[in-house]
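Biologist: I am new to this structure. Please walk me through how to read it.

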Amino acid sequence: MAVGDEQAAVSFVRRYQRKVFGLALSMVGDPALAEDIAQEAFLRVWKHAPVFDRRRGSVATWALAITRNLAVDFLRLRRAVVTDPTDEIWAGLTSPQAPDELAELAEAKARVAEALAAIPPEQSRALVLSAVLGYSATEISKLEGIPLGTAKTRVRRGLMKLREMLDERTTTS
Amino acid sequence: MSGPLPPECAGVAPSLVELALGVLAGEERVRAVAHVEACSACSALVSELSAAADELLHLAPGVEPPVGFEARVFERLGVRHRSRGPALLKRFDPARPLSQGGRPGAEGAMAPRAEGAMGPRAEGASAARAARAGARWAHGIGLHGWRPLRVAGVLVAAAAVFAGGVLAGGVLAGHQPPSGQPSAQPSAQVGAAPSALETVALRSGSEAVGSVMVYAGNPTWVFIYMDNAAWTGELRCQVVEYQGPALTLGEFWLSGGRGAWAARVAEPAGRLKEARIVDSRGHVLAVAHLS
């Protein structure tokens with residue numbers, strides 16, 4: 001690895017490690033496992049950095065998506081029993097960012113939180129369960145005590161609505 | 001934005017949202033992926049939905065990773081790096097309870113601040129130099145490439161800064177005070193408490209692997225640096241009281257045999273018999289016998 005690459009890697013890890021680890025921890029709930037996932041996420045980010053397409057989103061979003069996918073893979077193997085996310089996890093997802101959070105991340109969170117607030121609560125909850133915490137429609141159905149079709153509809157409508165909201169904001173900004 | 005899906009996509013359309021969210025599994029996933037790879041309209045829709053879903057990931061809170069996380073990532077990436085003091089040290093925020101093995105009264109703490117936030121501010125030119133050196137250390141100068149004497153000087157300087165400028169000048173050149181002696185020159189700080197900084201070799205068997213410095217102030221501080229150890233990984237620092245138990249102050253990361261760490265201890269320095277480094281299984285790796 002070249003010196004310049006090393007410096008970039010060091011900067012990147014230091015910049016996003018709190019966010020990447022925080023997402024992994026929110027999803028799997030176990031610090032040791034979250035660390036394994038976060039480490040692997042950084043390895044994959046670095047491995048695939050040459051093919052990252054900036055037009056498809058920010059590098060932070062990309063790194064978080066890789067983290068989420070890794071955690072989902074794990075959860076798919078291990079989550080035998082569907083449990084309700086703890087109040088702590090929900091609070092973490094809905095509370096303001098810590099004061100030292102990077103400005104770019106705080107802005108991204110504010111933007112998506114605003115869009116999410118415009119979606120009916122049952123849809124936004126289903127959407128967060130699926131998109132952030134990795135629950136399948138079947139799992140949401142069991143968790144919420146609703147028919148599978150209803151769970152799928154909530155997630156689908158929620159995501160369609162979110163996409164519209166984010167598109168509108170992109171267009172008007 | 002992509003338009004309505006062609007009629008032939010109706011069969012797979014209900015799965016596209018879950019595919020975009022990354023939670024579709026089994027045969028449904030196989031069918032959906034196969035279709036999307038061959039269908040530009042569905043591929044465009046999934047990309048747009050994925051992008052929107054990914055934005056939701058920003059809702060996740062930032063959480064400080066475990067001590068040593070950064071070093072372990074760099075190691076796996078094959079990156080040479082300088083460790084950051086604060087990344088290790090800020091884990092031991094005095095406002096937070098100790099993690100496993102610790103107990104109330106033996107708190108870990110943040111790196112010393114050159115600004116005197118936790119002690120009287122050092123004054124005078126030599127104290128200012130000490131402050132600058134301490135600040136550099138506190139802001140993350142790693143040990144790689146540092147000669148032991150220089151590292152000792154910086155750590156002692158940090159201790160001096162923390163003690164409110166009780167130590168000055170000479171420590172920057174690596175002139176450590178005689179063991180067990182009041183190291184202080186008169187402090188420029190009126191009202192600063194008398195203090196002493198004891199420096200003791202940290203040994204693994206007969207081999208010196210670093211040093212432990214104990215600042216006998218209020219509170220007591222223990223500074224550790226290691227530059228000649230044969231280990232890499234997460235280690236635990238303990239102090240042992242005379243006729244008392246071993247107190248775990250916290251964990252720190254040693255990379256390539258080098259690392260530095262500091263913690264404050266509620267017990268008076270005079271009650272501490274030894275400081276030691278143990279591994280995750282509790283094996284004692286190195287000991288410093290305090291006077």
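**Reading one residue, then the whole**

Modeller: Start with L162(A), which sits in helix α8 (residues 148-172) of chain A. Keep in mind that this is a predicted model.

Biologist: Why is L162(A) classed as buried?

Modeller: Count the C-beta atoms around a residue; 20 or more others within 10 Å make it buried. L162(A) is buried because 24 other C-beta atoms lie within 10 Å.

Biologist: Which residues is L162(A) in contact with, leaving aside neighbours within four places in sequence?

Modeller: In chain A, they are A115(A), L116(A), I119(A) and L127(A). From chain B comes A52(B).

Biologist: What separates the C-alpha atoms of L162(A) and A117(A)?

Modeller: The separation is 9.6 Å, for two residues 45 apart along the chain.

Biologist: How many residues of each chain take part in the contact between A and B?

Modeller: Chain B gives 37 residues, in contact with 57 of chain A. On the chain B side, the elements giving two or more residues are α1 (13-21), α3 (40-55) and α4 (69-77). That side divides into 23 nonpolar, 5 polar and 9 charged residues.

Biologist: How do I read a nonpolar core?

Modeller: In soluble globular proteins, nonpolar side chains tend to be buried together. Here the largest nonpolar core has 110 residues. V20(A), A24(A), V222(B) and I224(B) have the most contacts inside it. Its largest share, 10 residues, comes from helix α1 (residues 3-28) of chain A.

Biologist: Which residues does I224(B) touch, not counting those up to four places away in sequence?

Modeller: I224(B) touches L202(B), G210(B), V212(B), C237(B), A260(B), W261(B) and A275(B).

Biologist: How many helices and strands are there in chain B?

Modeller: Chain B has 7 helices and 8 strands. Of its 291 residues, 49% count as buried. Take the contacts in chain B between residues at least 6 apart in sequence: 59% of them join residues at least 24 apart.

Biologist: What is the mean pLDDT of chain B?

Modeller: The mean is 64, and 58% of the residues of chain B reach 70 or more. Over residues 85-154 of chain B, pLDDT is below 50. The model still gives that stretch 145 contacts beyond near neighbours in sequence. Residues 159-195 of chain B also stay under 50, with 100 contacts beyond four places in sequence.

Biologist: How should I treat such stretches?

Modeller: Where pLDDT is low, the predicted coordinates should not be read in detail.

Biologist: What ipTM and pTM does the model score?

Modeller: The ipTM is 0.86 and the pTM is 0.52.

How values were computed: Residues are numbered from 1 along each chain as its sequence is written. Chains are lettered from A and ligands numbered from 1 in the order in which they are written. This is a predicted model: local features need pLDDT of at least 70, side-chain atom pairs count only at pLDDT 80 or more; totals for chains, interfaces and linings use all residues. Two residues are in contact if their C-beta atoms, placed from the backbone, lie within 7 Å. Helices (H or I, at least four residues) and strands (E, at least two) are DSSP runs, numbered from the N terminus. Ala, Val, Leu, Ile, Met, Phe, Trp, Tyr, Cys and Pro count as nonpolar, Asp, Glu, Lys and Arg as charged, and the others, Gly among them, as polar. A residue is buried if 20 or more other C-beta atoms lie within 10 Å of its own, exposed if 12 or fewer, and partly exposed in between; C-beta atoms are placed from the backbone. A nonpolar core is a set of buried Ala, Val, Leu, Ile, Met, Phe, Trp, Tyr and Cys residues joined through C-beta atoms within 7 Å. pLDDT is the predictor's confidence in each residue, from 0 to 100.
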